[in-house]
Amino acid sequence: MIFGRSERGKPPVEPVTLKILVAGGFGVGKTTLVGSVSEIRPLRTEEILTEAGRPVDDTTGVESKNTTTVAMDFGRITLREDLTLYLFGTPGQERFWFMWDELTEGALGAVILADTRRLEDCFAAVDYFERRSIPFIIGVNCFDGAARYPADAVRQALDLDDDIPVLLCDARDRRSVKDILVGVVQHAMDHGTRRRHTVGT
């Protein structure tokens, strides 16, 4: 569309904006994912980890991490001319989980990032979205040096239903992240269709 007129007589495209959450444990790559794909400068609310927080902040496996998200990350990506995603990264530490209820308001679906070295960090997020019937997928962030496991093995370890997608990704790679976001939109649409059919029968 140029200067408000549609090209070749086509009707103007009505843009759709969708809200996607990026959740997961501490240090799993949520801030990196939002930053790698956002077409705007991402909003970050990171603070330096302090000695006072060490008794409550579990840094096992991410000892080199020295910052943490205390509210949210925010970014935006246009997947098509008529489809824009707003990305909201949730804080990973338990003491900031009170923010989740605010962030999930109006969300289409969620990506739960997983680190195969610390899969147990996903359980809280999986339980949260299941209890609220918010569709989600698992994005296994393939860290350098971490063991790679088949998607079915990750699904079994997390005790997920067969219809929940488990996708491998690199949170640093824009194309890889776009594939994950397309996956969560498709899964959320399929989830909505199944619910409508269930209600209609």
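This is a predicted model: local features need pLDDT of at least 70, side-chain atom pairs count only at pLDDT 80 or more; totals for chains, interfaces and linings use all residues.
1. Start with the pairs of opposite charge. Side chains of opposite charge can pair when their charged atoms come close. The structure holds 11 salt bridges, and the next points pick out some of them.

2. Look at D82 and R80, whose side chains form a salt bridge with an N to O distance of 3.0 Å. D82 is partly exposed, at 24% relative accessibility, and R80 is partly exposed too, at 49%.

3. D170 and R172 also join their side chains in a salt bridge, at 3.0 Å from N to O. Here D170 has a relative accessible area of 22%, so it counts as partly exposed.

4. Now find D115 and R118. Their side chains meet in a salt bridge of 3.5 Å, N to O, and both residues are buried. They belong to a network of salt bridges that links D115, R117, R118 and D121.

5. Where does negative charge gather in a patch on the surface? Look for E130, D159, D161 and D162. D162 sits in the loop between α4 (151–157) and β7 (166–169), and D162 is exposed, with a relative accessible area of 72%.

6. Finally, the cysteines. A disulfide is a covalent bond between the sulfur atoms of two cysteines. How many disulfides are there? The count is zero. Take C169 as an example: its closest cysteine sulfur, in C142, is 6.4 Å away, which is too far for a bond because a disulfide needs the two sulfur atoms within 2.5 Å. C169 is buried, at 4% relative accessible area, and C122 is buried as well, at 1%.

Key
Residues are numbered from 1 along each chain as its sequence is written. Side-chain values use heavy atoms; hydrogens and water are left out. Patches are made of residues with over 30% relative accessible area and no salt bridge: like charges are joined within 9 Å, nonpolar side chains (Val, Leu, Ile, Met, Phe, Trp, Tyr) within 5 Å. Accessible areas come from the Shrake-Rupley method with a 1.4 Å probe; for residues, only the protein chains shown count as cover. A salt bridge is a side-chain nitrogen of Lys or Arg within 4 Å of a carboxyl oxygen of Asp or Glu. Lys and Arg count as positive and Asp and Glu as negative; His and the chain ends are not counted. The place of a charge is taken as NZ of Lys, CZ of Arg, CG of Asp or CD of Glu. Helices (H or I, at least four residues) and strands (E, at least two) are DSSP runs, numbered from the N terminus. Buried means under 20% relative accessible area, exposed over 50%, partly exposed in between (1.4 Å probe, protein chains only).
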